[in-house]
There are 2 protein chains.
Amino acid sequence: MATGRTHRPATRSRGIPEATVARLPLYLRALTALSERSVPTVSSEELAAAAGVNSAKLRKDFSYLGSYGTRGVGYDVEYLVYQISRELGLTQDWPVVIVGIGNLGAALANYGGFSARGFRVAALIDADPAMAGKPVAGMPVQHTDDLEKIIEENGVSIGVIATPAGAAQQVSERLIAAGVTSILNFAPTVLSVPDGVDVRKVDLSIELQILAFHEQRKAGEEAAAGASVPGGEGVAEVPGAGSGAAPAAAVEPPAGRAAAVARKNGPEGDVPAVMPA
Amino acid sequence: MATGRTHRPATRSRGIPEATVARLPLYLRALTALSERSVPTVSSEELAAAAGVNSAKLRKDFSYLGSYGTRGVGYDVEYLVYQISRELGLTQDWPVVIVGIGNLGAALANYGGFSARGFRVAALIDADPAMAGKPVAGMPVQHTDDLEKIIEENGVSIGVIATPAGAAQQVSERLIAAGVTSILNFAPTVLSVPDGVDVRKVDLSIELQILAFHEQRKAGEEAAAGASVPGGEGVAEVPGAGSGAAPAAAVEPPAGRAAAVARKNGPEGDVPAVMPA
DNA sequence: ATGTCTTTGTGAACGCGTGCACAAAGATTG
DNA sequence: CAATCTTTGTGCACGCGTTCACAAAGACAT
Ligand SMILES: NC(=O)c1ccc[n+]([C@@H]2O[C@H](COP(=O)([O-])OP(=O)(O)OC[C@H]3O[C@@H](n4cnc5c(N)ncnc54)[C@H](O)[C@@H]3O)[C@@H](O)[C@H]2O)c1
Ligand SMILES: NC(=O)c1ccc[n+]([C@@H]2O[C@H](COP(=O)([O-])OP(=O)(O)OC[C@H]3O[C@@H](n4cnc5c(N)ncnc54)[C@H](O)[C@@H]3O)[C@@H](O)[C@H]2O)c1
């Protein structure tokens, strides 16, 4: 998932809902696959299944684009591929720069699916002088000093940041100052950008943490259902104990901070242990 | 945006809203930074700014966890770090396997932030016999044949898929059959999984396409603004080629886009064309 | 033509998420 | 102890997104 433009001022948003926009690429992918198999038409039901969404949702999504279907038949695959591509702006060429050619940046540069849909890696940029000129994915890495020049000369409006978190904000500022108005950020930092600039983030760590949350919940329910007693849980040390703030154990379960939670919410789910930084 | 679990049966409504869960890692990151700077407390306003969200939203999010703040003062940093970590399940160790050690998989394996928060790469798995035994990130790559054994022996419940799209579904099935119940999928495919299994996807291509959509819209508005004075807010002008620093355009039918969208069926310039897949 | 059958397009209801605005809680000062 | 100041916690309203359900549109058969 990616966030970014949280701010939608509804500026004459006579447009396609954001949620719909986010699904269009999904539909496009499914349609492209059908197209390659020379399937002429698809029903909303079939396509929805392929894209993993509800068919009513899909129909409503398409309704924002116009009435491209034929009742009793379905949608013309080729036609829809074209319409969605056009709506997403994929009928034009989008030069992209990748900044930060480390493990991830190099992988991205080597990624084939990149150029498959109108996106073209225009340049690879890194701050490490030792990398300058070194070829990655058949393209010489360029030094950050030339960032502005590269952006302007290639008319780049989309930038990908794959630098360490500490450098991300500064890199984004340089990119924006040079003309970039859309950023895909892989660094685990919140980028602060001016209005008019779109930022989407890809954060592995966040995704894993969300999965962990659900995983823990699943384990908890399972345990509760099984009525089994998991091994000793030994309450570990509580960081920053003192501070006087927050009422400590008042009633309820085992002492410690866990009680605070139980106070408001349900009892179960107390699994204190070591805590990483 | 998990593909599988779209359905939320609200099983036992004792739950934190999904949107809140997705923000907790963000708060945690900001709090960890504060903690490292030995800041004792933060106000919702400060923390919200650091996390890039609305302060009211942050307070409401925290209210789902319980009442951990002190009015007139703010939140105790250390205490909150602990509570959020516990809620997210980061107080326990999560062994993770990465399947598909190619460009991306190797980058992920080398990623430090991985193990920083309770996640531990338990194994690297690849189908290529030539890779078996080869060390990546100081860990020998193991063959897919041993996938089930690895999962079971290490008690892995979270799997990361970084194989080509064509292999993703099959890999997910093997992972699930072996006991994995959470999957982070980097392959551009919709995974079909049974109930109870969570899937989250990271899709570079989709993110770029969403950015392209907004980028195109920005270019269009810009062009419209520069043209004749827009009297009515009704229909947007057609973003003609040229104008602005827009990238080189590819092929595109002449007829108005807005017209086709607004109208039921635009017979005019809507000639199906072959699009770059 | 007429009737039947399939599938779209969408009105309407509903639930979730967001953000405002403010009372209450507690710190702090006199 | 009372007054004042700060900041939380949340009631409430609003808008977006999702889903159901169905009339209407068109294909197709008779
Ligand atoms: N590797 C992964 O799988 C992964 C996963 C999720 C997130 N991330 C994030 O992506 C970013 C990159 O990760 P990585 O593993 O490739 O790190 P890395 O250290 O391998 O690469 C970082 C690169 O950025 C360059 N760099 C540093 N400062 C720069 C600057 N100011 N301008 C331009 N280039 C600069 C460095 O020279 C280096 O080549 C990090 O923020 C990391 O947290 C990585
Ligand atoms: N590289 C990127 O930056 C990037 C970005 C976005 C998405 N992706 C996606 O991530 C996936 C991996 O990308 P990549 O660039 O690393 O590809 P890659 O070809 O470099 O690596 C794929 C690896 O998967 C292994 N593999 C193939 N089938 C397997 C199977 N059945 N079981 C286990 N391993 C198997 C291959 O041996 C290979 O090592 C692809 O689906 C790609 O579309 C990659």
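User: How does the shell around ligand 1 divide by class into nonpolar, polar and charged residues?
Analyst: In this predicted model, 24 residues surround ligand 1. Among the closest are A:Asn103, A:Leu104 and A:Asp126. By class, the shell around ligand 1 holds 17 nonpolar, five polar and two charged residues.

User: Between which chains does ligand 1 lie, and which elements give two or more residues to its shell?
Analyst: Ligand 1 is placed between chains A and B. An oxygen atom of ligand 1 is 3.3 Å from an N or O atom in the side chain of B:Tyr111, and a backbone N or O atom of A:Thr163 lies 2.7 Å from an oxygen atom of ligand 1. Of the 820 Å² of accessible area that ligand 1 has on its own, the protein covers 80%. The elements that give two or more residues to the shell are α5 and α7 (165-178) of chain A, together with α5 of chain B.

User: Which element supplies the largest share of the shell around ligand 1?
Analyst: Elements of chains A and B give two or more residues to the shell around ligand 1. The largest share is three residues, and the element that supplies them is α7(A).

User: How far is a polar side-chain atom of A:Asp126 from an oxygen atom of ligand 1?
Analyst: A:Asp126 is listed with the closest residues around ligand 1. A polar contact requires a pair of N or O atoms within 3.5 Å. For the side chain of A:Asp126 and an oxygen atom of ligand 1, the distance is 2.6 Å.

User: Which residues are the closest to ligand 2?
Analyst: Ligand 2 lies between chains A and B. The shell of ligand 2 counts 23 residues, which divide into 16 nonpolar, five polar and two charged. The closest are B:Asn103, B:Leu104, B:Asp126, B:Ala162 and B:Thr163.

User: How much of the area that ligand 2 exposes when taken alone does the protein bury?
Analyst: Backbone atoms of chain B make polar contacts with ligand 2: an oxygen atom of the ligand is 2.7 Å from a polar backbone atom of B:Thr163, and a nitrogen atom of the ligand is 3.2 Å from a backbone N or O atom of B:Ala127. A backbone N or O atom of B:Ala165 lies 3.4 Å from an oxygen atom of ligand 2. Taken alone, ligand 2 exposes 820 Å², and the share buried by the protein is 79%.

User: Which element gives the most to the shell around ligand 2?
Analyst: Two or more residues of this shell come from each of α5 of chain A, α5 (103-110) of chain B and α7 (165-178) of chain B. The element that gives the most, with three residues, is α7(B).

User: Which residues does the UniProt annotation "binding site" cover, and where is A:Gly100 found?
Analyst: The annotation comes from an unreviewed UniProt entry. A:Gly100 is found in the loop between β4 (94-99) and α5 (103-110) of chain A.

User: Is A:Gly100 buried or exposed?
Analyst: Not counting residues up to four places away in sequence, A:Gly100 touches A:Gly105, A:Ile125, A:Asp126, A:Ala162 and A:Thr163. Its relative accessible area is 7%. Because the cut-off for a buried residue is under 20%, A:Gly100 counts as buried.

User: What is the relative accessible area of A:Ile101?
Analyst: A:Ile101 is in the loop between β4 and α5 of chain A. Beyond four places away in sequence, the residues that A:Ile101 touches include A:Ala106, A:Leu124, A:Met131, A:Val136 and A:Val141. A:Ile101 is buried, with a relative accessible area of 3%.

User: Where does A:Ser38 lie, and is it buried or exposed?
Analyst: Most residues other than glycine have a negative phi. Phi of A:Ser38 is near 60 degrees, a positive value. A:Ser38 lies in the loop between α1 (18-36) and β1 (41-42) of chain A. With a relative accessible area of 61%, A:Ser38 is exposed.

User: What is the relative accessibility of B:Ala137?
Analyst: B:Ala137 also has a positive phi, near 55 degrees. Its place is in the loop between β6 (135-136) and β7 (139-143) of chain B. B:Ala137 counts as partly exposed, at a relative accessibility of 42%.

User: How many of the residues of chain A, in percent, count as buried?
Analyst: Chain A has nine helices and ten strands. Among its contacts between residues at least 6 apart in sequence, 56% join residues at least 24 apart. Of the 277 residues of chain A, the share that counts as buried is 47%.

Methods
Residues are numbered from 1 along each chain as its sequence is written. Chains are lettered from A and ligands numbered from 1 in the order in which they are written. This is a predicted model: local features need pLDDT of at least 70, side-chain atom pairs count only at pLDDT 80 or more; totals for chains, interfaces and linings use all residues. Side-chain values use heavy atoms; hydrogens and water are left out. UniProt positions are given in the numbering used here, feature names are shortened, and annotations may be inferred rather than shown by experiment. Helices (H or I, at least four residues) and strands (E, at least two) are DSSP runs, numbered from the N terminus. Buried means under 20% relative accessible area, exposed over 50%, partly exposed in between (1.4 Å probe, protein chains only). Contact means heavy atoms within 4.5 Å. A residue is near a molecule or strand if one of its heavy atoms lies within 4 Å of it. A polar contact is a pair of N or O atoms within 3.5 Å; within protein, one must be able to donate a hydrogen and the other to accept it, and residues adjacent in sequence count only if both atoms are side-chain atoms. Accessible areas come from the Shrake-Rupley method with a 1.4 Å probe; for residues, only the protein chains shown count as cover. Ala, Val, Leu, Ile, Met, Phe, Trp, Tyr, Cys and Pro count as nonpolar, Asp, Glu, Lys and Arg as charged, and the others, Gly among them, as polar.
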